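Hi everyone, thanks for making time today.

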Amino acid sequence: MILNAYLDAKGYPTTLCVNGEIAYDTFRNGEFDFCIFDIMMPIMDGFTLAKKVREINPRVPIIFLTAKTMQEDILEGFKIGADDYITKPFSMDELLMRIRAVYNRSIASSSSPTSFRLGNFTFDAARHTLANGQKDIKLTSKESDLLLLLCENMGQTLERREALSKIWNEVTQENARSMDVYITKLRKYFKEEPKVELLNVHGVGFKLVTQD
């Protein structure tokens, strides 16, 4: 309730839902630009809620706000497609800054080229899809953001620090491990595509290379 009042006062009209089921019904029947989910909610937890919301709108920004600080919980949040993960206790001013950063990034990405040819795949960043005519892969928000950044730096080294700053907003070992998880997942998608390579540049970052 305090956070709801704070965001309203800062010019962000906010709808407060007291459990995950109400939140899902509210999102499904309304129009929202941003989601902040607690994880330990009654009836439906935040992870389940985020998965269901992603089925409706794969691009809506999601921040998890939670007391759960275990690494596996944080990684699970990012695997689902969270744009950020903030643990309690937290500063409301910091949360507001993170909201603005995530939202501004999502707006900026929507005005950039969003379709790329990667071997036999077509990557549609706006729809979060990777398709090759035989299968359509639905990407999470983080997977799509990372692949888009790699495409924008095609053939050049994308430094780890740059990717962490732009997508995770903070350069930490924890976020770096999370990014490695997403790099591994992207490699699996291109495993049977010989025209696409996602290379490690030792000690620096990653490079996406394609052949004509």
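Let's begin at helix α4, which covers residues 71–80. Keep in mind that this is a predicted model. In α4, the buried residues are D73, I74, L75, G77, F78 and I80. What do the buried residues of α4 pack against? Their partners are helices α3 (46–56), α6 (141–152), α7 (160–168) and α8 (173–189), along with strands β2 (62–66) and β3 (84–87). Just past the end of α4 comes G81, with a positive phi of about 120 degrees.

Now for the nonpolar cores. The largest one has 50 residues, and L118, F123, L130, L146, L147 and L150 have the most contacts inside it. Apart from that core lies another, of 11 residues, including L7, I63, L65 and I99. Let's go back to L130 for a moment. Beyond its neighbours within four places in sequence, L130 touches several residues, among them L118, F123, I137, L147, Y189 and F190.

Next, some backbone details in the loops. In the loop between β3 and α5 (92–110) you will find P89, and a cis peptide bond joins it to K88, with omega at about -5 degrees.

I43 sits in the loop between β1 (35–37) and α3, while H128 is in the loop between β5 (121–124) and β6 (129–131). Are they buried or exposed? I43 counts as exposed because its relative accessibility is 63%, whereas H128 is buried, at 1%.

Definitions and conventions: Residues are numbered from 1 along each chain as its sequence is written. This is a predicted model: local features need pLDDT of at least 70, side-chain atom pairs count only at pLDDT 80 or more; totals for chains, interfaces and linings use all residues. Side-chain values use heavy atoms; hydrogens and water are left out. A nonpolar core is a set of buried Ala, Val, Leu, Ile, Met, Phe, Trp, Tyr and Cys residues joined through side-chain atoms within 4.5 Å. Buried means under 20% relative accessible area, exposed over 50%, partly exposed in between (1.4 Å probe, protein chains only). Contact means heavy atoms within 4.5 Å. Helices (H or I, at least four residues) and strands (E, at least two) are DSSP runs, numbered from the N terminus.
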